Amino acid sequence: MGKGFFHVPTAINEPVKAYAPGSPEREAVSKQYKEYFNGSVDVPMYIGNEEVRTGNTRNMTPPHDHQHVVGQYHIGDKSHAEKAIANALEARKAWAQMPWEQRAAIFLRAAELIAGPYRAKINAATMIAQSKTIHQAEIDAACELIDFLRFNVEYMSDIYDEQPNSDEGIWNRVEYRPLEGFVYAITPFNFTAIAANLPASAAMMGNVVVWKPSDSQIFSAKVIVDVFKEAGVPDGVINVIYGDPVEITDVVLASPDFAGIHFTGSTYVFKELWKKIGENIHTYKTYPRIVGETGGKDFIIAHPSANPKQVATGISRGAFEFQGQKCSAASRVYLPKSLAEETLNYVKEDIASFKMGSPEDMSNFITAVIHEGSFDKLAKYIDQAKADADAEIIAGGNYDKSKGYFVEPTVILTTNPKYTTMETELFGPVVTVYVYEDADWAETLQLVDGTSEYALTGAVFSTDRYAIAEATKALENCAGNFYVNDKPTGAVVGQQPFGGARASGTNDKAGSAQNLLRWVSPRLIKETFVSPTDYRYPFLG
Ligand code: NAD
């Protein structure tokens, strides 16, 4: 603490800009998109105060135009992981002692830089790297990231403010120390905001970080690094390395100073990481914090009392925005027989009106999926559905990777509630629908609960309060974020803290004080003002 009890600025959600035709923000982002698209950027690793270029490079190509190269990045090996750890630990000496209000100022400055001079840059980079429409880029790379930074600063100050009571003659104080060692952040391709938040939230609490971004997000990760540098994050506090994830991770998790992992990505990878941490447990100086937000098989269930147009809109937005590549995207839907035809007709109308193509053309609602691996996986499941007797494709079903990885928004109708695409996370613009008998509402709730290993998000649509109450109770354990009469995507920092349970993660709610508490190790200091001088208690006579 410095010389005052400082109050941080009250966090407010960053307003989402509209990017309507003719607006200045649209002009700015289009200009920046062209500049990045026609340029060539060389992205180094950032270790300590060095920009490390190994000469071993990989091209960066937009998913919607995979033969077009927008730059390259340099990949490292074991030695770079070791160097990143050494630099982080060196930086820790000063960073862990930095007064909290100085750390807060750095990250608040980062938020304002993104809200202002870096907004077009981070949005255009996200449109190119992850093939997001301008709206999807704006709500992620600009607004959600700004919100993470502002709200986390507020939560940090709330945490520091949380202090124990003190009896007469003593003073109890709690210091929220950073973890002793370094934090390893491994981030996914799909949200620029998550990529920035995983290292930043730990660093904000006084930790030093080794950050390994996804290979598919490095183009926008570079803008995050530029922002952090300009905001004043000191060298060595967040070290950024790329390369074979297993090779790098094996080095990082073998370090005695490994103190925590902040992961977002797929369930299988997280379980592998947990296993490796377990295998190395005798190596560590401290029990590492393990925080992971992972996969989902997110549902929408409509009650017979639901409004079919509202349900259809929930499906069209919830399943297909950003090509279904949100961990929260609706991918299994349960419709009552009485509403199914009308609801699905609305969904088909919506899909017929979607335009698909490059995000540069802002009239496109659907762009490309992230890479060839994802494209091929989706094509395989779509082909399988075409062949299977218990599945039928009622909308979409085509795909084409000649220029970009384009998969049509696809609806599979199944008669088998345990059909493979009702259970498996596909992570693409494919939703599977099962129609139930209206009378089987209660049984269908049990089906929703028991169908997948995940428990991330889910939604119920109904106008009947008894049905809503029944669903809320029956589905208590199958979603960490549960929505009533709304799509299951679009969580806003400070309003809907996000995370799921079961195979979906440790549910440490990104964008909440609960998450930040994982990155501190409290020290209680008890001070007695006048120490006793006789060991005898009165009961001894
Ligand atoms: P991914 O698991 O393929 O990759 C995530 C990160 O892990 C990347 O940086 C990758 O390089 C790294 N990685 C991959 N294999 C590894 C290994 N063996 N050891 C160490 N690191 C490894 O996931 P993705 O495709 O980038 O993202 C999509 C997944 O993320 C989906 O499953 C989605 O549900 C999940 N996700 C979850 C949330 C959430 O909040 N629950 C949010 C976003 C994404």
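Mentor: Let's begin with handedness. A crossing of two helices is right-handed if the near helix is turned clockwise from the far one by less than a right angle, and left-handed if it is turned anticlockwise. Keep in mind that we are reading a predicted model.

Trainee: Thanks! Which hand does the crossing of α4 and α5 have?

Mentor: α4 and α5 cross in the right-handed sense.

Trainee: And what else describes two packed helices?

Mentor: Two packed helices are described by the angle between their axes and the distance between those axes. For α4 and α5, the axes come within 9 Å and the angle is roughly 130°. The two helices are therefore oblique to each other.

Trainee: Which residues of α4 and α5 meet?

Mentor: On the α4 side they are Arg-119, Ile-122, Asn-123, Thr-126 and Met-127. Their partners in α5 include Ile-134, Ala-137, Ala-141 and Leu-145.

Trainee: Let me try α4 with α7. At what angle do they pack, and how far apart are their axes?

Mentor: Helix α4 (residues 119–130) and helix α7 (residues 218–231) pack at about 160°, with 7 Å between the axes. That angle makes α4 roughly antiparallel to α7. Here α4 passes α7 in a left-handed crossing. On the α7 side, the contact is made by Phe-219, Ser-220, Val-223 and Ile-224. From α4 come, among them, Lys-121, Ile-122, Ala-125 and Thr-126.

Trainee: Now the rings. How is a pair of aromatic rings described?

Mentor: A pair of aromatic rings is described by the distance of the centres and the angle of the planes. There are 18 aromatic pairs in the structure. One of them joins Phe-151 and Tyr-155, a tilted pair with 6.2 Å centre to centre and 40° between the planes. These two residues are four apart in helix α5 (residues 134–161), so about one helical turn separates them. Phe-151 is buried, and Tyr-155 is buried as well.

Trainee: What about the rings of Phe-182 and Phe-258?

Mentor: Their centres lie 6.2 Å apart and their planes stand at 65°, so this pair is edge-to-face. Phe-182 belongs to strand β7 (residues 182–186) and Phe-258 to strand β10 (residues 258–264), so the pair ties together parts that are 76 residues apart in sequence. Phe-182 is buried at a relative accessible area of 0%, and Phe-258 counts as buried at 0% too.

Trainee: Which residues form one aromatic cluster?

Mentor: Trp-100, Tyr-160 and Tyr-176 do. The charged end of Lys-132 sits over the ring of Phe-322, 4.3 Å from its centre. Likewise, Lys-380 lies over the face of Tyr-381, 4.9 Å from the ring centre.

Note on methods
Residues numbered from 1 in each chain as written. Predicted model: local features only at pLDDT ≥ 70, side-chain atom pairs only at ≥ 80, totals over all residues. Heavy atoms only, no water. Phe/Tyr/Trp six-rings, centres within 6.5 Å; stacked < 30°, edge-to-face > 60°. Buried < 20%, exposed > 50% of the residue type's maximum accessible area, 1.4 Å probe, protein only. Lys NZ or Arg CZ within 6 Å of the ring centre and 35° of its normal. Axes fitted to C-alpha atoms, helices over the stretch in contact; angles between N-to-C directions. Parallel < 35°, antiparallel > 145°, perpendicular 65-115°, else oblique. Contact = heavy atoms within 4.5 Å.
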